[in-house]
Amino acid sequence: MIKQIIACVIFLPTLLANQAAYAGPPEDRESFVAFFKTRFPDISFAEYANGIYAIDQDAREQWQEIEVFPPYEFSIDQGKSLWDEKFADGKTYSDCFKDSESGVKQLFPKFDKHKGEVVTLAMAINRCREKHGQTGFEYGGDQLLSLSAYMAFQSRGNTINVTVTKDDPRAMAAYEEGKQFYYTKRGQLNFSCADCHISSAGQYVRADRLSAGLGHPTHFPVYRSKSGGMVSLHQRFYGCVRDVRAKPFELQSREFRNLEYFLTYMSNGLEVNGPGARK
Amino acid sequence: MASTIKISAKLKGQVANIKSLMLHPMETGSRINPDSGETIAAHHITQLIFTNNGKEVMVANFSTAVSKNPYFGFSFEGAKAGDTVKVKWIDNKGATAELETQLG
Amino acid sequence: MRVNKDLGMSTKTLLFMMLISLLMTAQPIRSVTAKETDCSLPGKDARLVDKGTSPVSQENIFRNSYAEAECLRRAAAKKGAEWLETNELLRRSLKEADKGNWEEAFRLVQKAHFQADRALRQADYEAKAWKHRVVDQKGHN
Amino acid sequence: MQNMRRMMIKGGVALLALATLPRTLLAAAWPQKSFNSTAAGDALRELLGTDITTASDLIELKVPEIAENGAVVPVSIKTSLENVESISIVVKNNPRPMAASFEIPPGTLPDIASRIKMGETSDVMAVVKTSNGIYSTAKTVKVTIGGCGG
């Protein structure tokens, strides 16, 4: 035992030097938050749940005008009627989601130990449907977006609390893959997520100011003025990847789920405030 | 199908503050369907009429330049608890929808 | 004495740790280009000689160029690094080739080839480079 | 703005004619001609009988300086002018400038809010018709063609 420890002590610096970028998820998150604290000293941590409106004052006023009576309210209504529907076997969504009355959104995505993969809320909804003899909703479709909007609404004010268990190597691998995705440059424009939403947060890309990576998952799904409809986080990922001129991945693909896992973990401690309204 | 109108009515003294949201595409008639190359026909709300206990309190005339899923807010005096505020929209294809709410 | 002896006995462990350390240091050095993948085909060089002669040989050259570009695109896709319009460029090049518009077909296929090749180089570089962008403890990026 | 201040005799006559009509009739018809006009002056003449307006600082027009998205631009207008009969929103550079017009019967406050579409950077005009005349104020709203949505 002792010899192993000594050997480890001798080689540890070498190992660390080789793996300089490695840190555990909690350390990653601390650094992530610290970066924005340094970058925008006047913006409080909680404000990042408001996305770009934490940074851009003029845009914030317009957003607040829209939030007076936000267009996503129709989606919440539709989501509520879907939520209240009974499956053929008499069960409801609340049979699948424990404590659903007070909201469950803050716990997703989760690592599913049985299946060995990251499960998003959208996936969990469809698994619930399938378990009770229903067909799954189309990803990115109206019904799933509405139901997600309602579930986000139910979860408003809850604190994001995604867990990455260090002792499950598969969960760690999924987290690491998401992290690698976030920092990897891709596409013809050679941008990583981090290039825009960490290094350049608050700056302009053409006419748009870039939002901070911290807080990105808090408010989805969002009603986008641009499309005049609801958009999921994965649809937003899809749009970003396409915008850097890389071939996007499918909604709910392993790549996007792992990215969501990493990104949502980074936002642990922020409040769920979805559904939201964005430009 | 749930209502295509949402309304929020708040009474403050004798002033009723009305906010409303309509589910409507508000097509301008100048957009082109990228798949077919055809122009998408105009489809928009033309009038939004508010009454309080049957008395007209607001007529909003909309062009296609009002945003998709239109929002409209206004206030009127002489309101009291229990009054019935009704909103009705008419679009250029002749479709209508209406919703009532009680001031309280 | 005891400690020395213990250290002496741990040669195996030391070797094992060195091996592990080496394995962890080792990074893929291979840089992927057409020549170094299985994508390189004889048609590539032939194209330089034959371009602009008879329609028959144009077609052969095109098919080889297309196959090579498509092969690179697939390799990039496998790494999750394919660019947005590479596949569309290839599709369009085929269409032009079918019509016998060789000049346009070649232009498109070469563009696709360039994109797929760059996507692969990007993926290779990024496999290591991403780590240097992770925000560090001091909040630097 | 200059061309909108031209005196139109025809317009003046129409205004007189409108003024004699009972209010309820005003509310009944959707002002199609005004909405279809492709110039701001025409749109105002069709609706109000004139395109001459008096600039007033008693009208509070709230619009963003730079629109986040031209498809949804929040606009609110209120005024302390008395006896207001209608409030109109005119977007000068829109293909059809008359965006919306609100009829204000007695008892209704001249204080409205809506969201409009703007095709490009333009002056947005709030036109208030009172029993004493027609007043306006305008602000420029910049519309940018966005990149990725931020």
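1. Contact here means heavy atoms within 4.5 Å. By that rule C:Glu70 touches C:Asn87 and C:Leu90, leaving aside residues up to four places away in sequence. C:Glu70 belongs to helix H4 of chain C; helices (H or I, at least four residues) and strands (E, at least two) are DSSP runs, numbered from the N terminus. C:Glu70 counts as buried, at 12% relative accessibility. Buried stands for under 20% relative accessible area, exposed for over 50%, and partly exposed for what lies in between (1.4 Å probe, protein chains only).

2. On the basis of the note: this is a predicted model, in which local features need pLDDT of at least 70 and side-chain atom pairs count only at pLDDT 80 or more, while totals for chains, interfaces and linings use all residues. Residues are numbered from 1 along each chain as its sequence is written, chains are lettered from A and ligands numbered from 1 in the order in which they are written, and side-chain values use heavy atoms, with hydrogens and water left out.

3. Confidence in chain B. The pLDDT is the predictor's confidence in each residue, from 0 to 100. Chain B has a mean pLDDT of 94, with 98% of its residues at 70 or more. Within chain B, strand E1 (residues 5-12) has the lowest confidence, a mean of 94, and strand E5 (residues 71-76) the highest, at 97.

4. Make-up of chain C. Six helices and zero strands are found in chain C, giving the pattern α-α-α-α-α-α along the sequence. Chain C has 141 residues, of which 38% count as buried. Among the contacts in chain C with a separation of 6 or more, 65% are between residues 24 or more positions apart.

5. Side chains of opposite charge can pair when their charged atoms come close. The rule asks for a side-chain nitrogen of Lys or Arg within 4 Å of a carboxyl oxygen of Asp or Glu. Over all chains, the search finds 33 salt bridges. In one of them A:Asp195 meets A:Lys185, at 2.8 Å from N to O. A:Asp195 is in helix H8 (residues 193-199) of chain A and A:Lys185 in the loop between helix H7 (169-183) and H8, so the pair links distant parts of the chain, 10 residues apart. A:Asp195 is buried, with a relative accessible area of 13%.

6. Salt bridges that involve chain C. Which residue of chain C meets A:Arg245 in a salt bridge? The partner is C:Glu85, at 3.3 Å from N to O. The pair joins two chains, because A:Arg245 lies in the loop between helix H9 (233-243) and helix H10 (254-266) of chain A, and C:Glu85 in the loop between helix H4 (55-78) and helix H5 (86-98) of chain C. A:Arg245 is partly exposed, at 28% relative accessible area, and C:Glu85 is partly exposed too, at 22%. C:Lys99 and C:Glu96 form a salt bridge with their closest N and O atoms 3.8 Å apart; C:Lys99 is exposed at 57%, whereas C:Glu96 is buried at 17%. A network of salt bridges links A:Lys247, C:Glu70, C:Arg73, C:Arg74 and C:Glu82.

7. Aromatic rings. Rings of Phe, Tyr and Trp (its six-membered ring) pair if their centres lie within 6.5 Å; planes under 30 degrees apart count as stacked, over 60 as edge-to-face and the rest as tilted. The whole structure holds 33 aromatic pairs over all chains. A:Tyr53 and A:Trp63 make a stacked pair, 4.6 Å centre to centre with 10° between the planes. A:Tyr53 lies in the loop between helix H2 (25-39) and helix H3 (57-67) of chain A and A:Trp63 in helix H3, so the pair ties together parts that are 10 residues apart in sequence. Both A:Tyr53 and A:Trp63 are buried. Ring pairs also link a cluster in chain A that includes A:Phe32, A:Tyr48, A:Tyr175 and A:Phe262.

8. Charges over rings. The test is NZ of Lys or CZ of Arg within 6 Å of the ring centre and within 35 degrees of the ring normal. A:Arg129 lies over the face of A:Phe137, 3.8 Å from the ring centre. The charged end of A:Arg186 sits over the ring of A:Phe181, at 3.7 Å from its centre.

9. Chain B against chain D. The contact involves 28 residues from chain B and 30 residues from chain D. Buried area is the accessible area (1.4 Å probe) that two parts lose on being put together, summed over both. For chain B and chain D this is about 2200 Å², with carbon and sulfur atoms giving 51%. B:Asn61, B:Ser67 and B:Tyr71 supply 26% of the area that chain B buries against chain D, more than any other three residues. Zero salt bridges are found across this interface of chain B and chain D.
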